[in-house]
Amino acid sequence: MPEQVAQMFRSSTRQQGGRRGALSAAAAVAVGVMTLGALAPPAAFAAARPDTVQQGLNALVRADGLPAALASVKDREGRTRSYTAGVGDLATGSKVSDDGQVRIGSNTKVFTAVVVLQLVGEGKIGLDATVDSYLPGLVRGEGFDGRHISVRQLLQHTSGLPDYEALVDDDIRQHRYLDPRDLLDIAFQRKADFASGTSWGYSNTNYVLAGLIIQKVTGRPLAEEMDKRVIQRIGLRHTYFPAPGDMAIREPHPRGYQRDSADAPLRDVTEIDPSVGWAAGQLISTNSDLNRFFTALLAGRLLPKAQLAQMRTTVPIGDTGAAYGLGLMSRPLSCGGVYWGHGGDINGYETRGGATDDGRAASVAVTIIPPDYTTTKRVESLVDTALCR
């Protein structure tokens, strides 16, 4: 695996001190779409076979030492079930909230891409128009120029723009509000990763610019457009874009944790200023809402056919078998075919999930960003297990 790709799968947005960062592109390994289904009793869902999803969650807690793990799965018949394992609050010992809210990190990018593509369908944005067409003079730096970067390249991470994530330390991440322009100022301290259009490289900066383009074209705040065009439209009752300074998680949720070094105790990082994520990673949601979102997206309920086809037109991510479209990823399944989605890492939470075109779907969240990719691979393998059983 090329080093750039390997780094992306470990955490293309790694925090200082070696920890994976708030908007991890290891999100890139995740994928997902779920169709809607009535909640089925566990017995009906599990039938006469061992429940491999529950076993997998238990193993993540017991063997990998994760504080808590949650999952929501829909089978081919449309039956759905939520799962939990571990402890929701280490201080009180309380149980994990069933289908609790979590910070979903880079899954937010898919929502942002959907809004951009809706505006493309309305003739208000051109996919191959330059960034300068909408944000004149804003993108200038060593090796990059907004006059030579397209909207498509932003959404597909082929712009070469440097990422800001590694330059934002923990204290800023947890306590300080960062305006989108602040994030760009941080990113533009670095030179381009490559000439635009010549390679692929995950960068949260791309989606900050996509969010600014949405605001410029609509004349409305990104959060308002996302809420109106996506969240309300398909009835995501537990998904929201937290306002500046809204550091808590509103509904029942497991606490999120971080370990600052291998021998350090777990630290509660549930409450952060989410502005470091913005259009690249600010949303809060649940596993079941993510399933509903990806289901609606693949079913054509959010985008016209032409724009959905553009979104699903991918470039390979090295030799991993995964591929990146316009904010949407595909990943191969062990049982054949692929699943679609994204995934995300942000302080205290990692989410992985996916769904298939024939209606299978799964989403998994854990309450710490695993310190190494070996554990993350087990989270991802559990998604595959849920979709292939």
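Is Thr 356 buried or exposed, and what is its relative accessible area?

Reply: The model is predicted, so local features need pLDDT of at least 70 and side-chain atom pairs count only at pLDDT 80 or more, while totals for chains, interfaces and linings use all residues. Residues are numbered from 1 along each chain as its sequence is written, and side-chain values use heavy atoms, with hydrogens and water left out.

Thr 356 is buried, because its relative accessible area is 6%; buried means under 20%, exposed over 50%, and partly exposed in between, with a 1.4 Å probe and protein chains only. This residue lies in the loop between β15 (349–355) and β16 (361–366). Strands are DSSP runs of E with at least two residues, helices are runs of H or I with at least four, and both are numbered from the N terminus. The side chain of Thr 356 makes a polar contact with that of Asp 358, at 2.4 Å. A polar contact is a pair of N or O atoms within 3.5 Å; within protein, one must be able to donate a hydrogen and the other to accept it, and residues adjacent in sequence count only if both atoms are side-chain atoms.

Of its 389 residues, 60% are buried.

At the start of α13, a side-chain oxygen of Asp 372 comes to within 3.0 Å of the backbone nitrogen of Thr 374. The buried residues of α13 include Tyr 373, Val 379, Leu 382 and Leu 387.

The structure holds one disulfide, a pair of cysteine sulfur atoms within 2.5 Å. Cys 335 and Cys 388 form this disulfide, with their sulfur atoms 2.0 Å apart. The pair links distant parts of the chain, 53 residues apart: Cys 335 is in the loop between β12 (329–332) and β13 (338–341), and Cys 388 is in helix α13. The torsion about the S-S bond is about -70 degrees, so the disulfide is left-handed. Cys 335 counts as partly exposed at 41% relative accessibility, and Cys 388 counts as partly exposed at 21%.
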